[in-house]
Amino acid sequence: MGTGPLLLLATLEGTVMAAVLALAAVGLSLSFGVMRVVNVAHGEFFMLGAVLAWAVAQAVPSAPLGFVAALVICPVLVGALAYAIDAGLLRRLKHDPEATIVATIGLSYILQQGALSLFGPDARPVEAPFTLRLQLPWFGYSGYKLFVVVAAALVLLAVWWVMTRSRAGLVMRATQIDRATARAFGINVDRVYAGTFALGAGLAAVAAVLIVPIQQAHYLMGHDPLLLSFIVVIIGGLGSIRGTLIAALVIGLADGILSMLYPPTLAKIFATLAVALVLVFRPQGLFGARP
Amino acid sequence: MKTLPRRSVLTGLAAGSALALGGLPRFVQAQSAAPIKLGFQLHRTGIGAAYGRWYERTAQAALALVNAQGGINGRPVEILFEDDGTDPKRGAEVVEKLTTQHGCDLIFGPLFSHVVIGSAPRAGELKVPYLVCSEGYHVASGMLNRWTLQPGITDVRAQVSSMAPWVTQTLGKRVTMVFPDYAFGHDHRDFFTEAVKAQGGEVIAQIAVPPTETSFTRYFPQIPAETEVLYHVMVGPAVLTFVKELGEFYGSGDRPQIFGFIDSLEAVDLAAPGLEFLEGTYFWEAHNRVKQADAPEWEATYRAAVGVDDNGASVSDARDVATYSHMFSVWETLFTIKKGMEAAGYQSPADRQKFVEALEAMTTFDAGLDHVQGAKVFNGKTHQVFGSQFISKVEGGKLMRVHQTSIADGQYPDAVDYTAQSF
């Protein structure tokens, strides 16, 4: 394969990765930005979205319908669970940064083992809503993967709109900037927190539903997205959505291209090195505000 | 207090024991009627879960048959299953737990080579027979110990070297290999490369993929354009993604001949969407998933016992496809355990050494309901069994056998003599 086609394939793969990563990482970034909660269970919300997508697709007989149903139902279910977890667990810890880290570590185990007990240890496939293969002169490519990029971009656009143009976004930003003042202005901070946590988990679930027709749903699949999401959020700047998106694009594309041209381990080394450098030279992240 | 007359106590005792014996008439001749306890190291969760599910079913089916035939040495047999999470560290703990806590007579059943390699040393320290169903060359290579044996399934070295002549002569001589980057994959890499070379062919690229990988498209551009045969073997929960992405990559364009290990598709339905491109490609199978026209008479009995239909899926759920080319090893290992314990006159864990020596003395296993995959030759020195391999072609979405190797095709010089090692 010539360099041109190779780079094209690498860019395609990198873009798909960046899109999914951006969705997952924005969720993590939101809960950190607004709530100052480092959600270690974020990857398990992603996993839960994927496993539930399989369960929903099983219950709906036709393949395109099953996928659409999963795309609508799973983020809502996962979001609702996250809402309940915030109300029942994190609020009781007063959203204390250290306590919530420990709590979400425990939560991640509970979610993982819960999925194992309820859905079993097997990798579960979900059929893509359509099968379209693009046959390029040098290689074939899945049309569904391109759909993932478009869908992720649309969802991210919606998140951006909500955060910058809607009343809910205004309230969330107000809470992020100053919790006490927001409360003084009559904002129900508890509800904002629970809503943000639910939104973050829901976004991870959207990413997962989009990815299951490519990968399979599996109870151990939450680990990698969690790690990469953290890398993206740290590089982008904790709490900055713009930074998260740009970092997701950089890390996704770098991973796609580096792992195509060199051994894939090198791509992981690059991502980890990038985090280290950012932490040393710009601890607040590329777009984060200095605390 | 009223004392019981001695006579009625004795009568009651006699009646009671008669009743107990009457319930288990087949086991009366045994010196001890206590069950023989076999420990099963099971990949119930983790990346080997699909295998674990079928290994457990196969073990239960074989156990039912062994007990129906009168157990072992006239004693009933029971199996204690313990999950190792397909994790080497937990594997060693499971060996310990089954031996010291549950008092199992021996341990069998693990498949994944990293678990076997991680657990076997503990079995050796505890001096408990450890019968693996793993395919790895680690047993016959001399890497493990006298307590570890593989009497139920052939190893990768034998598999690949016996099939290399057919692959190079029928499909092509310039081969690219894609394999998982750990012990099992390295056995493939080392011995298939060597065997292809011996046939005048050449492995032109070796592409190692981490076994936990979830996305594979990035590896495919490394396949050189001049490749005549693409040899693939993959394991873990992402195998379906692997074959699907391979199909997407080649699409309707030119592609080399494809020869895969069925491991890349164990527990996966060949009719899954996206796998149409596999039509006309070849697979190694140890035991034909689809019941062949010339299947031996016991094949139907075995399939019924383990609950597999003629297409290789569960009789209760057609989407639940068996790990058919591996699970027979559990069945055959249990019947070999029975033979070994009976030859050794096994009574208690004190006889473990005698049991290993009895197995080492075995040379051949005839095909039959106890050795469903076919006849085998056992090498007591290397603790490894040898048998036939099958090559199947996907025709009309079904795996149909096109070639069968002889047992001798897979045999190679001994690398170790475990019988010379101390217990």
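Author: The pLDDT is the predictor's confidence in each residue, from 0 to 100. It applies here since the model is predicted.

Reader: What pLDDT does chain B average?

Author: Chain B averages a pLDDT of 91, and 93% of the residues score at least 70. Over residues 18-25 of chain B the pLDDT is below 50, and this stretch has 2 contacts in the model beyond near neighbours in sequence. For the model, the scores are ipTM 0.85 and pTM 0.86.

Reader: How many helices and strands does chain A have?

Author: Chain A has 11 helices and 2 strands. In sequence order, the pattern reads α-α-α-α-β-β-α-α-α-α-α-α-α. The radius of gyration of chain A is 19 Å, close to the 19 Å that the globule rule gives for 291 residues, so chain A is as compact as a globular protein of that length. The C-alpha trace of chain A spans about 65 × 50 × 35 Å along its principal axes. Of the 291 residues in chain A, 51% are buried. Among the contacts in chain A with a separation of 6 or more, 78% involve residues 24 or more positions apart.

Reader: Which radius of gyration does chain B have, and what would a compact globule have?

Author: A compact globule of 423 residues would have a radius of gyration near 22 Å; chain B has 23 Å, which agrees. Its C-alpha trace spans about 95 × 50 × 35 Å along the principal axes of chain B. In chain B, 52% of the 423 residues count as buried. Residues at least 24 apart make up 70% of the contacts in chain B between residues at least 6 apart in sequence. The secondary structure of chain B consists of 10 helices and 15 strands.

Reader: How many bridges join strand 6 of chain B to strand 7 of chain B?

Author: Strand 6 (residues 174-180) and strand 7 of chain B run parallel and are joined by 7 bridges. One of the residues involved is B:Arg174, whose bridge partner in strand 7 of chain B is B:Glu202.

Reader: In which sense does strand 10 of chain B pair with strand 9 of chain B, and in which sense with strand 14 of chain B?

Author: With strand 9 (residues 257-261) of chain B, the pairing is parallel over 3 bridges. B:Phe259 has B:Tyr282 of strand 10 of chain B as its bridge partner. With strand 14 (residues 390-395) of chain B, strand 10 pairs in the antiparallel sense over 4 bridges. There, B:Trp284 has B:Ile391 of strand 14 of chain B as its bridge partner.

Reader: Are the faces of strand 10 of chain B covered or uncovered?

Author: In a regular strand the side chains alternate between the two faces of the sheet. Strand 10 (residues 282-285) of chain B is covered on both faces. B:Tyr282 and B:Trp284 are buried on one side, while B:Phe283 and B:Glu285 are buried on the other.

Reader: How many residues does each chain bring to the contact?

Author: The size of an interface is often given as the accessible area lost when the parts come together. Here residues are counted: the contact takes 22 residues from chain B and 25 residues from chain A. On the side of chain B that touches chain A, helix 2 (49-68) and helix 7 (239-250) of chain B are the elements that give two or more residues. Helix 7 of chain B gives the most, with 5 residues. By class, this side of chain B has 11 nonpolar, 8 polar and 3 charged residues.

Reader: Where is A:Gln216 found, and why does A:Gln216 count as buried?

Author: A:Gln216 is found in the loop between helix 8 (189-211) and helix 9 (223-236) of chain A. A residue is buried if 20 or more other C-beta atoms lie within 10 Å of its own. A:Gln216 counts as buried because 24 other C-beta atoms lie within 10 Å. Leaving aside residues up to four places away in sequence, A:Gln216 touches A:Ala123, A:Arg124 and A:Pro125, together with B:Pro237, B:Ala238, B:Leu240 and B:Thr241.

Key:
Residues numbered from 1 in each chain as written. Chains lettered and ligands numbered in written order. Predicted model: local features only at pLDDT ≥ 70, side-chain atom pairs only at ≥ 80, totals over all residues. Contact = placed C-beta atoms within 7 Å. Nonpolar A, V, L, I, M, F, W, Y, C, P; charged D, E, K, R; others polar. Buried ≥ 20, exposed ≤ 12 C-beta atoms within 10 Å, placed from the backbone. Pairing = 2+ DSSP bridges. Rg over C-alpha atoms; globule rule 2.2 N^0.38 Å.
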